[in-house]
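I opened the model today to look up a few local features. My notes are below, in the order I checked things.

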Amino acid sequence: MAHDFDEIFTGHRIMAILRGLPPTQTVELAVRAWDLGIDLVEVPIQTPAAVGALRAAVAAGAERGRIVGAGTVITGGQVAQALDAGAAFTVAPGFDPAVLAASVAAGLPHLPGVATPGEVQQAMRHGVEWVKAFPATALGTGWFTAMRGPFPRLKIVATGGLDAHNAPDYLAAGARVVAVGSALSDPAQVDALGALLAD
């Protein structure tokens, strides 16, 4: 089991986000991602029903030696749900020191969302080196390039509006990892994702 994002993200450029799907379909798309070579999967748990999908994905991942993270974790209660479901890490749309502390206390690396230099500074002051830039396509590739100047040690996961077609632009702009969602349900994009992994 990886204990920090340097371990979790090393060698990986794409993460799949499987949001709002029933457990069976979540597992189906997780397996599609793993078969494609996308080893990282996040299942958001913004509703109680979504915790079942996370639990199912975690069980499927365990059979294949893959870890699964919990997304949209914005309360301490959701951290506890993620831990109970077997998640390996937590992800949030924004930065909340209390949620970060709860996740770290639970032994789960936490990936907070940021969208401004001030939020980046806050996160880094709390010991965070990996952040989630959200919403990535609203921020634009220029944001990623600009952040590399004042924050050279910052490691960024691009999330929000990304697919097989625009993901390469964000990787080129400085994102270490890009997160895609609906692309896995689009046969026209699956091949393009495979090509991106092969680059």
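**Ground rules**

I am working on a predicted model, where local features need pLDDT of at least 70, side-chain atom pairs count only at pLDDT 80 or more, and totals for chains, interfaces and linings use all residues. Residues are numbered from 1 along each chain as its sequence is written, and side-chain values use heavy atoms, with hydrogens and water left out.

Helices (H or I, at least four residues) and strands (E, at least two) are DSSP runs, numbered from the N terminus.

**Helix packing**

Two packed helices are described by the angle between their axes and the distance between the axes. Axes are lines fitted to C-alpha atoms, for helices over the stretch in contact, and angles run from 0 to 180 degrees between N-to-C directions.

I looked up H2 (residues 23–36) against H3 first. Their axes come within 8 Å and cross at roughly 35°. Which residues of H2 and H3 make the contact? H2 supplies Pro 23, Thr 26, Val 27, Val 31 and Trp 34. H3 supplies Gly 52, Ala 53, Ala 56, Ala 57, Ala 60, Gly 61 and Arg 64. Contact here means heavy atoms within 4.5 Å. I sorted the residues of this contact into eight nonpolar, three polar and one charged. In this scheme Ala, Val, Leu, Ile, Met, Phe, Trp, Tyr, Cys and Pro are nonpolar, Asp, Glu, Lys and Arg are charged, and the others, Gly among them, are polar.

Next came H3 (residues 48–64) with H4 (residues 76–85). Their axes come within 9 Å and cross at roughly 30°. H3 also passes H4 in a right-handed crossing. Val 51, Leu 54, Arg 55 and Val 58 of H3 touch Gln 81, Ala 82, Asp 84 and Ala 85 of H4 as the two sides of the contact. I noted five nonpolar, one polar and two charged residues in the contact of H3 with H4.

I found a cis peptide bond from Phe 134 to Pro 135, with omega near -5°. Pro 135 is in the loop between strand E7 (130–133) and helix H7 (136–139).

Thr 72 has a positive phi of about 55°, although it is not a glycine. I placed Thr 72 in the loop between strand E3 (68–71) and H4. Is Thr 72 buried or exposed? Thr 72 is buried, at 14% relative accessible area. The cut-offs are under 20% for buried, over 50% for exposed and in between for partly exposed (1.4 Å probe, protein chains only).

**Aromatic rings**

A pair of aromatic rings is described by the distance of the centres and the angle of the planes. How many aromatic pairs does the whole structure hold? My search found five. Rings of Phe, Tyr and Trp (its six-membered ring) pair if their centres lie within 6.5 Å; planes under 30 degrees apart are stacked, over 60 edge-to-face and the rest tilted.

The ring centres of Phe 9 and Trp 130 are 4.8 Å apart with planes at 45°, so this pair is tilted. Phe 9 is in helix H1 (residues 5–9) and Trp 130 in strand E7, so the pair ties together parts 121 residues apart in sequence. Phe 9 is buried at 3% relative accessible area, and Trp 130 is buried at 8%.

Trp 143 and Phe 144 have ring centres 5.3 Å apart and planes at 75°, so I logged the pair as edge-to-face. Phe 144 is buried at 0%.

Ring pairs also link Phe 5, Phe 9, Phe 89 and Trp 130 into a cluster.

**Single residues**

I placed Leu 100 in helix H5 (residues 97–105). Leu 100 is buried, at 8% relative accessibility. Leaving aside neighbours within four places in sequence, Leu 100 contacts Phe 95, His 110, His 126 and Val 128.

Ala 102 is in helix H5 too. Ala 102 is partly exposed, at 26%. Ala 102 and Val 79 are 23 residues apart in sequence and 6.8 Å apart in space, C-alpha to C-alpha.

Gln 189 is in helix H10 (residues 187–198) and is buried at 8%.

Methods. A crossing is left-handed if the near helix is turned anticlockwise from the far one by less than a right angle, and right-handed if clockwise.
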